Amino acid sequence: MAEGRVVTPSSPDTIRIKGSDTMAAVTARWAADYQAQTPGILLETTGGGSGNGVAALINGHVEIATTSRPLKSQEVRQIVNRSGKQPVLFMVGQDALSVVVHPLNPLHGLSMQQLAGIYGREGTVRRWKDLGVTVPGCEEREIVPISRKNNSGTYYLLREDLFKRHQHFQLGLEHVHTSSAVVQRVAQTPCAIGYVGMGFVTAAVKNLCISKGSGPCVPPTAASALEKRYPMARSLYMVTVGPPSDTVKGFLQWILGPAGQETLKKAGFIPAPKEEAAKVPF
């Protein structure tokens, strides 16, 4: 698989994919496996964030955008205005947005309100002692909230889940480019907290359960996400402009088939509902 190479104009047998960093590793694996078994097909994948992937799709630079959030209304309008076609979203998997802290942190879980208190501009949770815990190595220092950048679908989903557009992220966030960088920073920083897709959580950090309102504290698992008990479950999408070409259609059908979905599971994500495969036009 050629990564990052630009082909202009695109060959009928070339599929260019750009977007979600959450989905970048599994997309690259899908592309490599499919290309290996499908002679004459060239797949090129890059990350950059959901927003950048959708922008590339709007501008005709890729055949597929990957996004870990739904399209925004202005993005749909731009696609229609540029192409005269509606975007088509294919749910290729599911995820649970996971909140992680340093392994030494004794905290077991947070409520959505407490999480908003940490990340929100109007929040009042600035030290771990505000939550009644003492973190070794961070006794009197402020919480270090780690965040993705605003072109990230993960950033967008956390903002929507926490604030519903009624509040903004606090100005003191430390922004990083990738989910892997979030995990690395939290693992090295006792005062830190971060959020990532469930496929990025490692033993180097501690995963928190999350409660909504007065409900129970629910861990981010495949079962809790599928049963809609976890407050921050989400879908993962591939997006095309209009119905996909035959070349792209074959790739999407393979992703939603047994081999592609097994790769998704091995990457730590949740398979798409089986009925999603039927939505790819034959």
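Two nonpolar, seven polar and one charged residue make up the lining of the largest cavity (Ala, Val, Leu, Ile, Met, Phe, Trp, Tyr, Cys and Pro count as nonpolar, Asp, Glu, Lys and Arg as charged, and the others, Gly among them, as polar). This is a predicted model, where local features need pLDDT of at least 70 and side-chain atom pairs count only at pLDDT 80 or more, while totals for chains, interfaces and linings use all residues. Residues are numbered from 1 along each chain as its sequence is written, and side-chain values use heavy atoms, with hydrogens and water left out.

**How the spaces are defined**
- On a 1 Å grid over the protein atoms alone, a cavity is a set of points where a 1.4 Å probe fits but cannot get out, and a pocket is an open set with protein on both sides within 12 Å along at least five of seven lines; lining residues have an atom within 4 Å of a point.
- Grid points are joined across faces, edges and corners, and a volume is the space filled by probe spheres set on the points.

**The cavity**
- There is one cavity of 30 Å³ or more in the structure, and the largest cavity holds about 40 Å³ of space.
- Its lining includes Ile 17, Lys 18, Thr 45 and Thr 66.
- β1 (14-19), α1 (24-37) and β2 (42-46) each supply at least two lining residues, and β1 gives the most, with three (helices are DSSP runs of H or I, at least four residues, and strands of E, at least two, numbered from the N terminus).

- The largest pocket holds about 250 Å³ of space.
- Of its 14 lining residues, Val 62, Glu 63, Lys 85, Thr 240 and Val 241 are the closest to its centre.
- α2 (50-58) and β11 (233-241) each supply at least two residues of this lining, which divides into seven nonpolar, five polar and two charged.
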